[in-house]
Amino acid sequence: MQTGYILLATIAVPLIAAAVLLAVPSRYPNVVRAFAVAVSFALFGLSLYAFFAYQIAQVEQYQFDLRWTWIENIGMLGEEGITLHLGIDGIGAAMVLLTGIVTFAGALISWKIDYRNKDFFILFFVLVAGVFGVFASLDLFFWFFFYELAVLPMYLLIAVWGSSSVFPTFARTKEYSAMKLTLVLVGASVLIFVGIFAVFVEAGLGTFDLPTLYEVEFDEDFQKIVFPLFLIGCGVLAGLWPFHTWSPDGHVAAPTAVSMLHAGVLMKLGAFGIIRLGMQLLPEGAEFWMPALITLGTINVVYGAISAMAQTDFKYMVGYSSVSHMGYVLMGLATMNAVGVNGAVLQMFSHGVMTALMFAMVGVLYDQAHTRDMRAFGGLVKRMPHFVAFFSIAGLASLGLPGLSGFVAEFNIFLGIFRTYPALGALAILGAAITAVYVLRMMAQAFFGPANEKWEHLKDMSRYEYAGGALLIAFMFLMGVYPSPFVDRIADSVLRIPGIG
């Protein structure tokens, strides 16, 4: 039986866990670790239930509905005012599941954190609560509140537990990367904030409730003016070119679990915002601006892939690969047809588990070798066979190998693009070809060939790293082999977005 308290629990449980950790003495790090993993497992269970309990082809667009009025009849506000309104459609259900998967995997990977691990997990759970809140909120005020709650802990997580990058010609300290990420994302949030209040005032209903605002027919000129605020404001977090430069630096500096959440989940908040606030609220504005979005998305794909091909640092390669793969999401959304948009949401899920696994494996290697220069390795398959197998599966998913999640997502995106922009579809496939080049080159260079005696001391994954990686791989294969649970739920909601044909 569906109940809105499931979604409330996904937000409340991590916040309560953070509060409980405040009371745990720092001298008990193993207690902190065990508690964090247990809470993350509970969140994974809740997200799994929410996804599979979501019923397809129901009259109600949003399920697990829950309302709690916070402020009413104040100033301009009407009877509803500001309400904690929770609910998910098929798109939200997929994103809630993705968050649960990456959170649990990230907690397992973080078992090895020794330095102030209590503080780390407190911030970790605050961030996770914000992410769940964004995917479940149906009130603009609380949507923005949770959006900021998800972004702000990133500064401390990177600046305190991150790592700096040093190259012959430049250096990126973790403090620099943390500040750059925070300033860029908070600056982009100002655009979202302005757009939210523009919609609120223009509607004149005295409510931030999204389903209510979806019924309003906003003036076409108003939509054309306000839509770019949501597009750019949310697009920055999605890695939209040319506002993407914070992303690779942030990926590289962040600790492993934060990189997993950053690329696996947080970047999806941006794409999700374009759908929720842009396409659903302002459909005519979306139709007007989508040619610009698909142009920028195409640049994302090709530029990100070429940049990834030029990297010798494992993390920078994965970071620019994320920029490229998020470009596919933006291109799919810009097609404004059911196949392309469905593929974009599938890509959000696929990229989430795939890139989380890549960053997890980079962390496994870096923690032992203390370098991420792929040129320094060779023959790792002889010393770390399970590590190589896991990383290779993630790489093959990223280049779209049939049987893995990346193929299902990109195939739908390509079909959608060729229906509307055939020339750009060719460039999208070019991006996939470049992806194959840098992934296979990395595998040949670092994983196979003669073994480098310098790394004789390297050991394979720990049981916690193995468990976290196996969880992510399981969902890559599930979507790749049996995509119906994902496609059916997502497609049911995509067809309800105005203007999708």
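Predicted model: local features only at pLDDT ≥ 70, side-chain atom pairs only at ≥ 80, totals over all residues.
**Stop 1: the largest pocket**

Start by selecting Ile113, Trp161, Pro255, Thr256 and Asp367. Of the 22 residues that line the largest pocket, these are the closest to its centre. The pocket has a volume of about 410 Å³. Now colour helix 6 (153-161), helix 11 (256-279) and helix 14 (338-369), the elements that each give two or more residues to the lining. Which of them gives the largest share of the lining? It is helix 14, with four residues.

**Stop 2: a salt bridge at Asp367**

Side chains of opposite charge can pair when their charged atoms come close. Here the side chains of Lys112 and Asp367 form a salt bridge, with 2.5 Å from N to O. The two partners are 255 residues apart in the chain: Lys112 sits in the loop between helix 3 (90-109) and helix 4 (117-136), while Asp367 belongs to helix 14. The structure holds eleven salt bridges.

**Stop 3: a positive phi at Arg116**

Stay in the loop between helix 3 and helix 4 and pick Arg116. Most residues other than glycine have a negative phi. Arg116 is not a glycine, yet its phi is positive, at about 50°.

**Stop 4: helix 14 against helix 15**

Next, show helix 14 together with helix 15 (residues 385-398). Two packed helices are described by the angle between their axes and the distance between the axes. For this pair, the axes come within 9 Å and cross at roughly 150°, and the crossing is left-handed. To see the contact, show side chains on helix 14, including Met354, Leu357, Met358 and Met361, and on helix 15, including Phe387, Phe390, Phe391 and Ala394. What is the make-up of this contact in nonpolar, polar and charged residues? Twelve are nonpolar, two are polar and none is charged.

**Stop 5: a cis peptide bond**

Finish in the loop between helix 9 (220-237) and helix 10 (246-253), where you will find Pro242. Most peptide bonds are trans. The one that joins Trp241 and Pro242 is cis, with omega about 5°.

Notes: Residues numbered from 1 in each chain as written. Heavy atoms only, no water. 1 Å grid on protein atoms, 1.4 Å probe; cavity = no way out; pocket = protein on both sides within 12 Å on 5 of 7 lines; lining within 4 Å. Points joined across faces, edges and corners; volume = space filled by probe spheres on them. Axes fitted to C-alpha atoms, helices over the stretch in contact; angles between N-to-C directions. Left-handed = near helix turned anticlockwise from the far one by under 90°. Contact = heavy atoms within 4.5 Å. Nonpolar A, V, L, I, M, F, W, Y, C, P; charged D, E, K, R; others polar. Salt bridge = Lys/Arg side-chain N within 4 Å of Asp/Glu carboxyl O.
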